Amino acid sequence: GDISGAHFNPAVSMTEAVSKKISWPTCAAYIFFQIAGAVLGVVIANLMFDLEAVNVSQKVRTGPGQFLGEFVATFGLIMVIKLGSQFQPKRVAVLVACYITAAYWFTSSTSFANPAVTIARSLSNTFAGIAPESIPMFIVSQLIGALAALYVFELLLKVETSNE
């Protein structure tokens with residue numbers, strides 16, 4: 001985290017670029033490697049379980065409830081990161097881990113909350129997979145959730161600073 005900022009998620013990197021904390025070229029590089037790393041991780045996981053390295057998922061995940069679940073999961077993730085970074089910077093990693101674990105249980109989508117993971121999970125025809133045709137709306141929902149959280153966070157900071 002001290003070296004890279006712990007960028008594992010394109011939605012997080014995008015919010016950092018929108019906030020001008022990283023440049024857009026840096027964001028693009030992060031996103032390339034995030035997707036590559038997630039795909040490599042799924043290939044390795046498939047091989048560990050004696051599956052074909054690439055096994056395209058047939059698990060359709062669609063509908064308003066699933067998309068709302070991804071919006072909520074990603075909105076919450078960005079809020080946890082932003083609020084944690086602002087008020088408890090040494091605890092951000094633990095806060096994120098706890099949030100993602102909880103979001104798995106309280107969202108209808110099981111909280112992908114990460115476009116790179118969404119893409120990679122399309123290569124695993126297991127209970128964790130997502131059919132390729134389900135990917136676009138999952139990612140749209142994640143990015144809208146991330147941007148909405150960034151807007152709400154910045155709004156909350158303005159209220160906080162105006163009350164001081």
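Helix axes are lines fitted to C-alpha atoms over the stretch in contact, and angles run from 0 to 180 degrees between N-to-C directions. This is a predicted model, in which local features need pLDDT of at least 70 and side-chain atom pairs count only at pLDDT 80 or more, while totals for chains, interfaces and linings use all residues. Residues are numbered from 1 along each chain as its sequence is written, and side-chain values use heavy atoms, with hydrogens and water left out.

**View 1. Helix H1 crosses helix H6 at roughly 40°.** H6 spans residues 135-162, and H1 covers residues 10-18. (Helices are DSSP runs of H or I, at least four residues, numbered from the N terminus.) The two axes come within 10 Å. H1 supplies Ala11, Met14, Thr15 and Val18 to the contact. H6 supplies Leu143, Ala146, Leu147 and Leu150. (Contact means heavy atoms within 4.5 Å.) By class, the H1 contact with H6 holds seven nonpolar residues, one polar and no charged. (Ala, Val, Leu, Ile, Met, Phe, Trp, Tyr, Cys and Pro count as nonpolar; Asp, Glu, Lys and Arg as charged; the others, Gly among them, as polar.)

**View 2. Helix H1 packs against helix H2 at an angle of about 175°.** H2 runs through residues 24-48. The axes of H1 and H2 are 9 Å apart. That angle makes H1 roughly antiparallel to H2. On the H1 side, the contact uses Pro10, Ser13, Met14, Ala17 and Val18. On the H2 side, it uses Trp24, Cys27, Tyr30, Ile31 and Gln34. The classes in the H1 contact with H2 are eight nonpolar, two polar and no charged residues.

**View 3. Lys82 forms a salt bridge with Glu16.** The closest N and O atoms are 2.7 Å apart. Lys82 lies in helix H3 (residues 64-87) and Glu16 in H1, so the pair ties together parts that are 66 residues apart in sequence. (A salt bridge is a side-chain nitrogen of Lys or Arg within 4 Å of a carboxyl oxygen of Asp or Glu.) A search of the whole structure finds one salt bridge. Are Lys82 and Glu16 buried or exposed? Both are buried (under 20% relative accessible area; exposed is over 50%, partly exposed in between; 1.4 Å probe, protein chains only).

**View 4. Thr15 sits in helix H1.** Thr15 is buried, at a relative accessible area of 1%. Which residues does Thr15 contact, leaving aside neighbours within four places in sequence? They are Ile78, Lys82, Ala146 and Leu150. Lys82 is the salt-bridge partner of Glu16.

**View 5. Helix H3 crosses helix H6 at roughly 35°.** The H3 and H6 axes come within 7 Å. H3 passes H6 in a right-handed crossing. The residues of this contact divide into 17 nonpolar, six polar and two charged.

**View 6. Val43 belongs to helix H2.** Val43 counts as buried, at 17% relative accessibility. It touches Ala53 and Val54, not counting residues up to four places away in sequence. Ala131 is 88 residues from Val43 along the chain. The C-alpha atoms of Val43 and Ala131 are separated by 16 Å.

**View 7. Ile144 belongs to helix H6.** Ile144 is partly exposed, with a relative accessible area of 47%. Gln88 is 56 residues away along the chain. The C-alpha atoms of Ile144 and Gln88 are separated by 25 Å.

**View 8. Lys20 has a positive phi, near 65°, in a residue other than glycine.** Lys20 is found in the loop between H1 and H2. Lys20 is exposed, with a relative accessible area of 74%.

**View 9. Thr110 has a positive phi of about 65° although it is not a glycine.** Where does Thr110 lie? Its place is the loop between helix H4 (92-106) and helix H5 (115-121). Thr110 is partly exposed, at a relative accessible area of 21%.

Methods. Helices (H or I, at least four residues) and strands (E, at least two) are DSSP runs, numbered from the N terminus. Angles under 35 degrees count as roughly parallel, over 145 as roughly antiparallel, 65 to 115 as roughly perpendicular and the rest as oblique. A crossing is left-handed if the near helix is turned anticlockwise from the far one by less than a right angle, and right-handed if clockwise.
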